Amino acid sequence: SELTTFTLEARRVLEDSNIASTSAFFDNRATLRVDHSLLRNLLVNAYGEYARQDYTGSSASFDVYRLGSGATFFSSNWLRFNASAAYTGRRGNNTFAGADLDEIRGQVGVTFMR
């Protein structure tokens with residue numbers, strides 16, 4: 001419907017590495033996001049993301065998964081409130097490049113606009 005927006009993104013970027021034995025890595029990423037206007041002043045969203053990080057000159061790589069959702073409430077033309085929650089998981093094939101991790105993050109915010 002006209003109230004829902006689907007966004008599909010893909011990218012490949014060469015990033016600086018924070019690992020001493022390699023200088024860079026390729027970050028290959030795909031994201032699907034859905035935004036829906038639940039009410040006239042309430043926008044909700046959900047997204048999923050997959051990234052593959054391949055380190056140059058090394059066999060190290062990571063698979064990164066991210067799932068999240070959020071909402072934005074437009075109180076007036078100059079004030080809005082938002083909240084979001086996300087899960088990130090990272091799995092690697094090489095221990096020198098860092099440990100696997102799981103992260104759950106929540107965020108709330110207030111935005112004043114002029």
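What share of the contacts in the protein with a separation of 6 or more is accounted for by residues 24 or more positions apart? Such residues account for 43% of these contacts, where contact means heavy atoms within 4.5 Å. The structure is a predicted model, in which local features need pLDDT of at least 70 and side-chain atom pairs count only at pLDDT 80 or more, while totals for chains, interfaces and linings use all residues. Residues are numbered from 1 along each chain as its sequence is written, and side-chain values use heavy atoms, with hydrogens and water left out.

The protein has 0 helices and 6 strands, taken as DSSP runs numbered from the N terminus (helices: H or I, at least four residues; strands: E, at least two). The C-alpha atoms fill a box of roughly 50 × 30 × 25 Å along the principal axes. Of the 114 residues, 27% are buried; buried means under 20% relative accessible area, exposed over 50%, and partly exposed in between (1.4 Å probe, protein chains only).

A search of the whole structure finds 4 aromatic pairs. Rings of Phe, Tyr and Trp (its six-membered ring) pair if their centres lie within 6.5 Å; planes under 30 degrees apart count as stacked, over 60 as edge-to-face and the rest as tilted. The rings of Tyr 55 and Phe 62 have centres 6.0 Å apart and planes at 75°, so this pair is edge-to-face. Tyr 55 is buried, because its relative accessibility is 7%, and Phe 62 is also buried, at 0%. Together with Phe 25, Tyr 55 and Phe 62 form one aromatic cluster.

In another pair, the ring centres of Trp 78 and Phe 112 are 6.4 Å apart and the planes are at 15°, so the pair is stacked. This pair links distant parts of the chain, 34 residues apart: Trp 78 is in the loop between β4 (61-74) and β5 (79-92), and Phe 112 is in strand β6 (residues 101-112). Trp 78 is partly exposed at 47% relative accessibility, whereas Phe 112 is exposed at 62%.

Charged side chains also sit over rings (NZ of Lys or CZ of Arg within 6 Å of the ring centre and within 35 degrees of the ring normal). Arg 90 lies over the face of Phe 62, 4.2 Å from the ring centre. The charged end of Arg 12 sits over the ring of Phe 26, at 4.1 Å from its centre.

Thr 72, in strand β4, is buried at 15% relative accessibility. Beyond its neighbours within four places in sequence, Thr 72 is in contact with Asn 41, Leu 42, Leu 43, Arg 80, Phe 81 and Asn 82.
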